[in-house]
Amino acid sequence: MKMIIIGGSAGSFNVILSILKELDADISMPIVIVLHRLKKAKAILEDCLQTQSHYIVKEVEDKEFAKAGYIYTAPSDYHVLLNENLSFSLDTSEEVNYSRPSIDVSFESFSCVLKENCCGILLSGANQDGAIGLKMIAENGGETIVQDGDEAEFATMPRAAIELYKKHTVYKLKDIVKKMNNYAK
Amino acid sequence: MIEFDELEEIVFIIKKQYGYDFEGYSRASFLRRINRYMELSGLATTVHLKNELINNPENFNAFINEIVVNVSEFFRDPDFFKSLIANVFTYLASYPKINVWSAGCSYGEETYSLAILFKEMDLLQKSRIYATDISTNALDKSKKGIYSNKDFKEYSNNYFSCGGKESLNQYFVSDGQKSIINSEFKKDILFSRHNLVTDGVFKECQLVLCRNVLIYFDEELQNKVLKLFYDSLPVHGFLALGNKETLRFSEVQDKFKIIDSREKIYQKIK
């Protein structure tokens, strides 16, 4: 099974909404979204995303199997990992890059299992989370896309990823969508 | 870094050499913890790790301590404690004597949080809290009850969100860097080693508190441990799990009634 995994932080929420709106109605590859969010934020993220998508949007549940037709979001205050049998594991271990969920933690874990069968996308953000994990996805043969720093509301996160590994593909929003539609076909 | 296909052998070595069984651990978490341990200890390859496990048993305690997750905080998830006070404390108050099992207590933050709330609700003097963990290192830290002041502001906010009546500081003695829990709480808490994977029921308890431990187990082991909790509770006893843990899909599901579906508080009914 292939999967798309998106990491985002400050300035990513609207980008994700736009992406979901533009996805072709006939694709169903599982998408996992790791978005930094406030610890105590109520779970309205899923409701917002649901209004823009033909997928079923839900928060990851522990030991749940990844399925086509679903978009999974990382719960606030938990890291999301992937087991070899393609079930998710939640984890409350220490924050990474001051973040839980951490994008690096998920990128690394998913890459370990999926190898070339995953596409990692890193969007706007004000810290450096995701850079190490995205490099690992690339080195394991997966596809990697970074939002164009000129377009991103906060360029620190995308730029940190490029700095660490020059060969990521840099796209603006509309090309990210095109790429996802192709990748998921 | 270690890969998934090398885990089996590591699990085997640990079991053979030390008697700890990690077979039922969530594979993804286990892999991540081992990689973290290797990084922290400067073990570059799986060969180094195996060598360490086989030839340096004196480091095994440190290994276990890193493998099991010991991250917690005081009054984590205030909504949970609020619900516990509202739905469970009044019930517990009707018992002449209360036994509580705080399973997987890590560094003791949650156990002491409960003890503080017990004290404020006048339950502590008739309670015995059994706090257990697989890691002796964690138990030592719990017994000492010393915590960095770094996060106390957040703990204090959490405490008031739980409905705390006094001030959190009064339960600790602090210097500039650290705070130590008042000794009055230690006499009612018994810290001891217990391995949820291999050890059985040790005491009947009216409340079993085990939050954010089951997520590190696979479904089969989760089921087994939930059965152990069931066996440890009298009818009408309470089980409290982490926010992302559930009795759904477990064999004992229909033997419990849901007290709070969001905060994962259950009561044994048969």
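Visitor: How many helices and strands does chain A have?

Guide: Chain A has 6 helices and 9 strands, where helices (H or I, at least four residues) and strands (E, at least two) are DSSP runs numbered from the N terminus. With a radius of gyration of 14 Å, close to the 16 Å that the globule rule gives for 185 residues, chain A is as compact as a globular protein of that length (the radius is taken over C-alpha atoms, and the rule is 2.2 Å times the number of residues to the power 0.38). Along the principal axes, the C-alpha trace of chain A spans about 40 × 35 × 30 Å.

This is a predicted model, in which local features need pLDDT of at least 70 and side-chain atom pairs count only at pLDDT 80 or more, while totals for chains, interfaces and linings use all residues. Residues are numbered from 1 along each chain as its sequence is written, chains are lettered from A, and ligands are numbered from 1 in the order in which they are written.

In chain A, 7 strands make up an open sheet with parallel pairing, in the order E3-E4-E2-E1-E7-E8-E9 (two strands pair if DSSP finds at least two bridges between them). The edges are taken by strand E3 (56–59) and strand E9 (169–171) of chain A; each has a single partner strand, so one side of each is left without a neighbour in the sheet. Direction ignored, neighbouring strands of this sheet are turned by 20° against each other on average (axes are lines fitted to C-alpha atoms, for helices over the stretch in contact, and angles run from 0 to 180 degrees between N-to-C directions). Within the sheet, strand E2 (residues 31–35) and strand E4 (residues 70–73) of chain A run parallel and are joined by 3 bridges. Here A:Ile31 stands opposite A:Ile71 in E4(A).

Helices cover this sheet. Helix H1 (residues 13–22) of chain A packs on it, touching strand E1 (3–8), E2 and strand E8 (143–147) of chain A, with a direction at about 150° to that of E1(A) (residues are in contact if their C-beta atoms, placed from the backbone, lie within 7 Å). Helix H3 (residues 103–114) of chain A lies across E1, E2 and strand E7 (118–122) of chain A, and runs at about 165° to E1(A).

A:Pro101 is found in the loop between strand E6 (88–91) and H3 of chain A, and the peptide bond from A:Arg100 to A:Pro101 is cis, with omega near 10°.

H3(A) also packs with helix H4 (residues 131–139) of chain A, at an angle of about 15° and with the axes 7 Å apart. The two helices are therefore roughly parallel to each other (under 35 degrees; over 145 is roughly antiparallel, 65 to 115 roughly perpendicular and the rest oblique). The crossing of H3(A) and H4(A) is left-handed (the near helix is turned anticlockwise from the far one by less than a right angle; clockwise is right-handed). H3(A) contributes A:Ile103, A:Asp104, A:Ser106, A:Phe107, A:Glu108 and A:Ser111 to the contact, and H4(A) contributes A:Ile132, A:Gly133, A:Leu134, A:Met136 and A:Ile137. These residues divide into 6 nonpolar, 3 polar and 2 charged (Ala, Val, Leu, Ile, Met, Phe, Trp, Tyr, Cys and Pro count as nonpolar, Asp, Glu, Lys and Arg as charged, and the others, Gly among them, as polar).

We now turn to the partner. On chain A, 17 residues are in contact with 15 residues of chain B. Helix H2 (residues 27–41) of chain B gives the most to the side of chain B that touches chain A, with 5 residues. By class, that side of chain B has 6 nonpolar, 3 polar and 6 charged residues.

Within chain B, the axes of H2(B) and helix H4 (residues 60–67) come within 9 Å and cross at roughly 130°. H2(B) and H4(B) are therefore oblique to each other, and their crossing is right-handed. From H2(B), B:Arg33, B:Ile34, B:Arg36, B:Tyr37 and B:Leu40 meet B:Phe63, B:Glu66 and B:Ile67 in H4(B). The contact of H2(B) with H4(B) has 5 nonpolar, no polar and 3 charged residues.

Technical notes:
Two residues are in contact if their C-beta atoms, placed from the backbone, lie within 7 Å.
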